[in-house]
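Student: I have a new model open and would like to learn how to read it. Could you walk me through a few features?

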Amino acid sequence: MIPDDRAFSRFSHECQSEEGWNLTYNKNNISVWIQVLEEEKSLHKIKCRMLCKDITAETMYDVLHDIEYRRKWDANVIETFDIGKLTVNADVGYYSWKCPKPLKNRDVITLRSWLPMGNDYIIMNYSVKHAKYPPKKDLVRAVSIQTGYLIQRTGPTSCTLTYLAQVDPKGSLPKWVVNKSSQFLAPKAMKRISKACLRYPEWKQKHSPGFKPWLFPEQNPLSNIPLSELSIQHAESLENIDESSLSESKDERAEHSDDEGNN
């Protein structure tokens with residue numbers, strides 16, 4: 001189903017609620033919370049919030065939508081592309097990303113929808129199956145149960161970004177991965193988004209400045225795909241990978257300590 005207004009409202013409420021969440025990181029205007037769901041499966045929710053004093057809500061919304069720009073600033077992306085559109089504010093896309101070594105890299109097919117709500121913007125997604133894009137041999141097909149962003153305008157040139165994710169990584173992950181996600185990877189990703197936002201206006205001036213199909217649906221070049229071509233991607237139907245015994249690579253640990261020293 002394509003999310004309706006109630007789904008967006010529920011997502012917004014969960015982004016702003018702190019009940020049942022465990023604060024694991026809080027410095028430099030970035031906070032991270034974890035909610036453990038099934039410890040033995042490493043199944044958890046993660047929520048990150050960043051206060052941005054010099055980034056408008058509109059710029060943040062553009063940056064999170066702009067797939068061409070994401071290929072430039074998202075260091076974790078392996079491949080990302082749009083598959084087709086469903087409505088003026090919903091589409092289907094592919095995203096694959098690098099995981100901390102020595103874990104296997106992951107990918108997802110998601111139904112993504114977005115909605116401006118007064119002073120706020122929401123972008124959210126969940127995993128779907130599409131017959132033309134089956135799991136690949138060299139990647140683990142993960143499942144986004146619900147992932148998204150809430151952008152709240154706090155002033156003419158300021159906003160708050162909340163990222164909420166419940167992803168089944170398909171497999172038993174070692175404890176250090178969950179710890180590293182909340183203590184290091186999530187804050188690092190938020191800082192990367194912040195830097196990308198500061199550089200976006202100048203970049204966009206040189207790259208189709210008027211082209212923003214997320215604001216102007218008539219610009220969207222994607223072909224329509226019927227909902228009947230999609231089905232929900234249930235985690236149980238995908239292969240489980242047991243990576244619980246893997247240790248963090250020396251390169252990853254070194255990068256972690258270098259970045260901590262730079263903060």
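Student: Is Y61 buried or exposed?

Tutor: Buried means under 20% relative accessible area, exposed means over 50%, and partly exposed is in between, using a 1.4 Å probe and protein chains only. Y61 has 1% relative accessibility, so Y61 counts as buried. Keep in mind that this is a predicted model, where local features need pLDDT of at least 70, side-chain atom pairs count only at pLDDT 80 or more, and totals for chains, interfaces and linings use all residues. Residues are numbered from 1 along each chain as its sequence is written, and side-chain values use heavy atoms, with hydrogens and water left out.

Student: What about α2, how many of its residues are buried?

Tutor: Helices (H or I, at least four residues) and strands (E, at least two) are DSSP runs, numbered from the N terminus. In α2, eight of the nine residues are buried, so this helix is largely enclosed by the rest of the structure. The buried ones are A57, T59, M60, Y61, D62, V63, L64 and H65. The protein as a whole has five helices and 13 strands, and 52% of its 263 residues count as buried.

Student: How many aromatic pairs are there?

Tutor: Rings of Phe, Tyr and Trp (its six-membered ring) pair if their centres lie within 6.5 Å; planes under 30 degrees apart count as stacked, over 60 as edge-to-face and the rest as tilted. Searching the whole structure gives eight aromatic pairs. Take Y61 and Y121: their ring centres are 4.2 Å apart and their planes are at 25°, so they are stacked. Y61 belongs to helix α2 (residues 57–65) and Y121 to strand β7 (residues 120–130), so the pair ties together parts 60 residues apart in sequence. Y121 is buried too, with a relative accessible area of 11%. Y95 and W97 also make a stacked pair, because their ring centres are 5.8 Å apart and their planes at 20°. Ring pairs also link Y69, Y200 and W203 into a cluster.

Student: Which residue lies over the face of W33?

Tutor: A charge sits over a ring if NZ of Lys or CZ of Arg is within 6 Å of the ring centre and within 35 degrees of the ring normal. Here K47 lies over the face of W33, at 5.8 Å from the ring centre.

Student: Which residues touch the most other members of the largest nonpolar core?

Tutor: In soluble globular proteins, nonpolar side chains tend to be buried together. A nonpolar core is a set of buried Ala, Val, Leu, Ile, Met, Phe, Trp, Tyr and Cys residues joined through side-chain atoms within 4.5 Å. The largest one has 32 residues, and M60, L64, I151, L161 and I193 touch the most other members. Helix α4 (175–206) is among the elements that give two or more residues to this core, and its seven residues are the largest share. Apart from this core lies another, of twelve residues, including L86, V92, I109 and L230.

Student: What does M60 touch?

Tutor: Contact means heavy atoms within 4.5 Å. Leaving out residues up to four places away in sequence, M60 touches M50, C52, I55, I151, C159, L161, I193 and C197.

Student: Where is N28 found?

Tutor: N28 is in the loop between β1 (22–27) and β2. Its phi is near 50°, a positive value in a residue other than glycine. At 53% relative accessibility, N28 counts as exposed.
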